[in-house]
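Biologist: I have the file open. Can you walk me through the packing, and start with whatever term I need for the helices?

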Amino acid sequence: MTERASSLPVLHRSLLSVPASNQRALEKIRMLECDGVILDLEDSVAVEQKAAARDNLRQFFSAGRIADCLTIIRVNPLASEFGAEDIALVRELVPDAVLIPKLETLAELETCETQLAATSPSMAIWGMMETPKGILNAGMLAAARREIAPRLQGFVVGLNDLRKETRVLPKPGRAYLVPWLMQVVLAARAHGLTVIDSVFNDFRDGENFENECLQGREMGFDGKMLIHPAQIEPANRHFGPSEQELIEARMILDAFAKPEASQFNVINLDGRMIERLHLEQAERLITQMQIIERRKTII
């Protein structure tokens, strides 16, 4: 794999979480077709392995960037005993983004923004939305990108911690969690953030994982956080454009490309009223498919 082409937009269908303490798993990343990796220094790394995990990431980055793959480092809480060393590592390695766990307050975003002030302006901040306070503050936190935290680019939902704190049971369909999930999606969309659905814990349960991917896509998520390589292909498939969506998108583009449609914001397409907002959606799908096809020539 070569370095990512800077002109190539980023996909977010599949973000694989990899413990930074697992050197073997880190070595395998370069052979995978996930859209991004979350290199975890937090929950999946035992206290006595934190230092070794940071050294593993230094070795991982020394081998060069992965072609068209988003690299995100999830640090320990900024105020924890590991926060300062983790942020120092982020400044040293300059990943695409740093992921703040259990994001709840504007102060956390402001602190992270200040700590990254001297680094590349292209490095983003993402936040894990995984506590009751974080969900309640989703709109306020997303709005912070306008002034307090201009680096803020994305939210990742973490349902394991949220279930623990709210005592909502882990039932298929996530019925009692849907309102909170939609609250995060709405906050992200209101302020132009990427938003990623939570992990599905049983990587052997392919059927329910696919059902959850379908649900997440229908709710408006850009992609899903994953815990195992076996989940990459179905996540890419469900969060990418389907063949039927592409057929319809091309029909919309062709209809608006006709000279007689140039003066209209609404046109008739096979008995349906199609607006220019549908044209924008169609263009986005076609662009996404072009990116996916182009990636196949790079990986």
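Modeller: For a helix pair, the axes are lines fitted to C-alpha atoms over the stretch in contact, and the angle is taken between N-to-C directions, from 0 to 180 degrees. Keep in mind that this is a predicted model.

Biologist: Fine. How do the axes of helix 2 and helix 3 cross?

Modeller: At roughly 5°, and the axes come within 11 Å. Helix 2 covers residues 50-62 and helix 3 covers residues 83-93. Angles under 35 degrees count as roughly parallel, so helix 2 and helix 3 are roughly parallel to each other.

Biologist: Which residues make the contact?

Modeller: On helix 2, Arg54, Leu57, Arg58 and Phe61; on helix 3, Glu85, Asp86, Leu89, Glu92 and Leu93.

Biologist: How far is aspartate 86 from glycine 216?

Modeller: The two are 31 Å apart in space, C-alpha to C-alpha, and 130 residues apart in sequence.

Biologist: Switching to rings. How many aromatic pairs are there?

Modeller: The structure holds two. One of them is phenylalanine 60 with phenylalanine 61, which is edge-to-face, at 5.6 Å centre to centre and 80° between the planes.

Biologist: Are those two phenylalanines buried or exposed?

Modeller: Phenylalanine 60 counts as buried at 7% relative accessibility. Phenylalanine 61 is buried as well, with a relative accessible area of 14%. The cut-off for buried is under 20%.

Biologist: What sits over the ring of phenylalanine 60?

Modeller: The charged end of arginine 30, at 4.9 Å from the ring centre. Elsewhere, lysine 50 lies over the face of phenylalanine 82, with 5.4 Å to the ring centre.

Biologist: Next, helix 10. How many of its residues are buried?

Modeller: Six of eight, so helix 10, residues 232-239, is mostly covered. The buried ones are Ile232, Pro234, Ala235, Asn236, His238 and Phe239.

Biologist: Where is threonine 194?

Modeller: In strand 7, which covers residues 194-197. Threonine 194 is buried, with a relative accessible area of 15%.

Biologist: And what does threonine 194 touch?

Modeller: Not counting residues up to four places away in sequence, threonine 194 touches His12, Trp126, Gln153, Gly154, Phe155, Ala188, Arg189 and Asp222.

Biologist: Last one, proline 259. Buried or exposed?

Modeller: Proline 259 is exposed, with a relative accessible area of 68%. Its place is the loop between helix 11 (243-257) and strand 9 (266-269).

Biologist: How far apart are proline 259 and aspartate 68?

Modeller: In sequence, 191 residues; in space, 37 Å, C-alpha to C-alpha.

Notes. Residues numbered from 1 in each chain as written. Predicted model: local features only at pLDDT ≥ 70, side-chain atom pairs only at ≥ 80, totals over all residues. Heavy atoms only, no water. Phe/Tyr/Trp six-rings, centres within 6.5 Å; stacked < 30°, edge-to-face > 60°. Buried < 20%, exposed > 50% of the residue type's maximum accessible area, 1.4 Å probe, protein only. Lys NZ or Arg CZ within 6 Å of the ring centre and 35° of its normal. Helix = DSSP H or I, 4+ residues; strand = E, 2+ residues; numbered from the N terminus. Parallel < 35°, antiparallel > 145°, perpendicular 65-115°, else oblique. Contact = heavy atoms within 4.5 Å.
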